[in-house]
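Here is a short report for a reader meeting this structure for the first time.

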Amino acid sequence: MDISPDKPALQVLLCSPRGFCAGVVRAIESVERALAIYGAPVYVRHEIVHNRYVVDGLRKKGAIFVEELDEVPDDGQPVIFSAHGVPRSVPAEAGRRNLLTLDATCPLVTKVHREAEIHYRKGREIVLIGHAGHPEVVGTIGQLPPGIVTLVQDIDDVDNFVPKDRTNLAFVTQTTLSVQDTAAIVERLKARFPEIVGPHKEDICYATTNRQEAVLRVAPIVDAMVVVGAPNSSNSQRLKEVAERAGCPKAVLLQRAADIDWSFFDGIKTLGVTAGASAPEVLVEEILDAFAQRYVMNVETISAAEEGVFFPLPRPLRETQAAE
Ligand code: SF4
């Protein structure tokens with residue numbers, strides 16, 4: 001480290017776990033593996049994970065990102081579904097066109113799809129707690145016929161919800177929500193509809209929970225908090241909110257070191273750093289390096305959980321790998 005007497009001291013508390021989760025690793029590896037097997041181009045419906053650096057890197061290797069299948073030509077090359085999941089209409093359309101598809105939907109998102117399906121088969125009306133327009137929410141709602149799933153985003157939505165049969169309800173949630181906010185929404189749902197059924201707590205995934213838990217430990221004791229992540233990354237946005245609510249005077253989402261507004265950090269003596277589940281560690285290092293140019297840093301890791309989760313690649317990619 002470049003130590004200069006002119007630089008102010010900065011105590012950095014690095015949250016652990018942070019950054020890539022098992023679902024994101026699997027999704028990125030799926031694209032890389034597909035490129036190795038099928039050659040370029042490989043089409044990817046939606047950003048494979050919500051991070052520009054990752055998407056640009058895969059684009060350079062030959063991935064073509066599209067928003068809808070009608071942008072995919074019939075050239076025999078595969079199309080990959082992103083980690084967020086897709087409505088059923090998407091694989092159906094791909095089937096009609098005989099497209100070769102690879103599904104990189106995170107298994108923890110697929111688990112929520114299956115839960116919703118089971119509730120539907122049992123004749124229950126379903127409440128989905130989530131954020132309107134997020135691709136995961138669009139995918140979960142799209143597992144079932146229109147009108148079966150009602151989205152609630154906050155407690156007001158719960159209060160305004162008029163079910164067809166208040167005794168036959170179930171709920172599921174988006175995987176990347178704020179643990180605290182969701183607990184409050186679930187509590188209100190259970191208060192209004194005591195017979196509602198759902199998962200034990202909610203469907204928020206281990207990665208979201210652990211990253212928020214680490215932020216809860218660090219945010220109250222630092223002057224500022226950096227969340228490395230993209231503005232369209234739900235779990236990164238939640239980490240910033242969690243930091244603010246935990247009492248951190250200022251929190252900011254940063255994609256790259258070049259985005260740092262140094263005036264924001266004027267006078268800080270302690271800094272918390274974390275990263276959303278779709279942000280690669282190389283970007284955390286880039287941002288820490290930028291701080292090291294200006295401060296004499298002492299970095300300490302604050303750990304909230306150990307993670308050893310691993311998801312195997314989608315089956316067609318696994319089988320081809322085994323055959324080699
Ligand atoms: S954040 Fe959770 S649900 Fe989303 S990809 Fe990662 S492990 Fe899967």
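Helices and strands here are DSSP runs, numbered from the N terminus; a helix has at least four residues and a strand at least two. With that naming, P17 falls in the loop between β1 (9-16) and α1. The model is a predicted one.

**The chain as a whole**

The chain has 11 helices and 12 strands. Its radius of gyration is 21 Å, close to the 20 Å that the globule rule gives for 324 residues, so the chain is as compact as a globular protein of that length. Along the principal axes, the C-alpha atoms fill a box of roughly 65 × 55 × 30 Å. Of the 324 residues, 52% are buried.

**The cavity and the ligand**

How many cavities of 30 Å³ or more does the structure hold? It holds one. The volume of the largest cavity is about 300 Å³. Its lining counts 25 residues. Nearest the centre lie C21, V24, H84, T176 and N235.

Which helices each supply at least two residues of this lining? They are α1 (22-38), α4 (107-121), α8 (206-218) and α9 (234-245). By residue type, the lining has 13 nonpolar residues, 11 polar ones and one charged.

The ligand takes up the space of the largest cavity. Around the ligand are C21, G23, C106, L108, T175, T176, C205, Y206 and A277. This shell divides into six nonpolar residues, three polar and no charged. C21 and T176 belong to the shell around the ligand, and C21 and T176 are also among the residues nearest the centre of the largest cavity.

**Two cis peptide bonds**

A cis peptide bond joins S16 and P17, with omega at about 0 degrees. P17 sits in the loop between β1 and α1. Another cis bond runs from A40 to P41, with omega near 0 degrees. P41 is placed in the loop between α1 and β2 (42-45).

**Two positive phi angles**

H46 is not a glycine, yet its phi is positive, at about 75 degrees. This residue lies in the loop between β2 and α2 (52-61). Is H46 buried or exposed? With a relative accessible area of 14%, H46 is buried. The cut-off for buried is under 20%.

N98 also has a positive phi, about 60 degrees, and is not a glycine. Its place is the loop between α3 (89-96) and β5 (101-103). N98 is exposed, at 72% relative accessible area. The cut-off for exposed is over 50%.

**Separations along the chain and in space**

Some residue pairs can be compared by sequence separation and by C-alpha distance.

| Pair | Apart in sequence | C-alpha to C-alpha |
|---|---|---|
| R318 and S30 | 288 residues | 9.4 Å |
| P73 and Q237 | 164 residues | 34 Å |
| K164 and R124 | 40 residues | 9.9 Å |
| D203 and I129 | 74 residues | 9.5 Å |

Where do the residues named at the start of each pair sit? R318 lies in helix α11 (residues 315-323). R318 counts as partly exposed, at 31% relative accessibility. P73 is in the loop between β3 (63-66) and β4 (79-81). P73 is partly exposed too, with 35% relative accessibility.

K164 is found in the loop between α6 (155-160) and β8 (169-173). At 70% relative accessibility, K164 counts as exposed. D203 belongs to the loop between α7 (179-192) and α8. Is D203 buried or exposed? D203 is buried, with a relative accessible area of 4%.

**Reading the picture together**

Start at the ligand, whose space is the largest cavity. From there, look at α1, α4, α8 and α9, which each supply at least two residues of the lining. Then follow the loops on either side of α1: P17 lies in the loop between β1 and α1, and P41 in the loop between α1 and β2. End at α11, where R318 lies, with its C-alpha 9.4 Å from that of S30.

Definitions and conventions: Residues are numbered from 1 along each chain as its sequence is written. This is a predicted model: local features need pLDDT of at least 70, side-chain atom pairs count only at pLDDT 80 or more; totals for chains, interfaces and linings use all residues. Side-chain values use heavy atoms; hydrogens and water are left out. On a 1 Å grid over the protein atoms alone, a cavity is a set of points where a 1.4 Å probe fits but cannot get out, and a pocket is an open set with protein on both sides within 12 Å along at least five of seven lines; lining residues have an atom within 4 Å of a point. Grid points are joined across faces, edges and corners, and a volume is the space filled by probe spheres set on the points. Ala, Val, Leu, Ile, Met, Phe, Trp, Tyr, Cys and Pro count as nonpolar, Asp, Glu, Lys and Arg as charged, and the others, Gly among them, as polar. A residue is near a molecule or strand if one of its heavy atoms lies within 4 Å of it. A molecule sits in a cavity or pocket if more than half of its atoms lie within 2 Å of its grid points. The radius of gyration is taken over C-alpha atoms; the globule rule is 2.2 Å times the number of residues to the power 0.38. Buried means under 20% relative accessible area, exposed over 50%, partly exposed in between (1.4 Å probe, protein chains only).
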